[in-house]
Amino acid sequence: MIEEFRTGYLAIVGQPNVGKSTLLNQLIGQKISITSKKPQTTRHRVTGILTLPKCQYIFVDTPGFQTRHAGALNRLMNRSVTQALAEVDVIICVVEAGRCGQADRAIFKLLPRERPVLLAINKIDRLADKSKLLPFIAQMAQEYPFAEIVPLSAMQGSGTDQLIQAAAKYLPVAAPMFGDDEVTDRSERFLAAELLREKLFRNLGEELPYGIAVEIERFEQEGSLRRIFAAIIVDKSAHKPIVIGKNGEKLKTISSDARRDMERLFGGKVYLETWVKVKSGWADDERALKSLGYE
């Protein structure tokens, strides 16, 4: 019956690179949040929707909370995290198995006590000594009054069903907000930009991705064919040849990888055209950030 149905928003929070986006993708069974091994990959709040017979979970993947870097971009990302904490019904805080440092504790201090907080201990598959897991769970229970503690591996998918089941009882009784087949409230235009940015993060050096953004200048659809025209924004002129690569090979690889992911996600052919533009200081200019979709 409809009165038994539960629907609610669940924020996924944690420090950078603990696996929040991988967890979101695993929970909904589809890739909508980009991932890479580099911190600051997630810059926007990304919503993933999972509808089961008695529950609809609306997961909000947030940027990793920035405690080390200043600047307008990081301020906007931190604001996104604090807003999510204030607006959702349930919070899923993610830490890495065996690791709890000052950056994690800084996030614990932000958690609102009036909302249930579930702790997801991620990357248990990487814990070399499995006998350390139970003492770590006991330690985490002393760090904060978590409603539930669930060890899991987002990469392998183990433990994610237990997390879904644990969260269900904390969702409010309410009718579903989205259709059964909807997996995100983000537009295809947004998802295309994110997939391209993921390939930039994965194919470029350690520092360059943080000075890079993607702007979709045109997005056209003719039947199942999508024509996407995207500008890759770099902070310095010296970065432009790095993105393009020798004889354009680097940009070609990045674009081809992104196009294949777009075709899988959108279920149709994609024509993708990319080029590189220089916008000095964009990451510390709030007006420029808003024009690129940062809120």
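I looked up glutamate 263 and found that, leaving aside residues up to four places away in sequence, it touches Gly268, Lys269 and Val270, contact meaning heavy atoms within 4.5 Å. The model is predicted, so I note that local features need pLDDT of at least 70 and side-chain atom pairs count only at pLDDT 80 or more, while totals for chains, interfaces and linings use all residues. Residues are numbered from 1 along each chain as its sequence is written, and side-chain values use heavy atoms, with hydrogens and water left out.

I place glutamate 263 in helix α8 (residues 249-266), helices being DSSP runs of H or I with at least four residues and strands runs of E with at least two, numbered from the N terminus. Glutamate 263 counts as buried because its relative accessibility is 17%; buried is under 20% relative accessible area, exposed over 50%, and partly exposed in between (1.4 Å probe, protein chains only).

I then turned to helix α1 (residues 20-28), which is largely enclosed by the rest of the structure because seven of its nine residues are buried. I list these as Lys20, Ser21, Leu23, Leu24, Asn25, Leu27 and Ile28, and I find that they pack against β1 (6-13), β2 (46-51), β3 (55-61), β4 (90-96), β5 (117-122) and α5.
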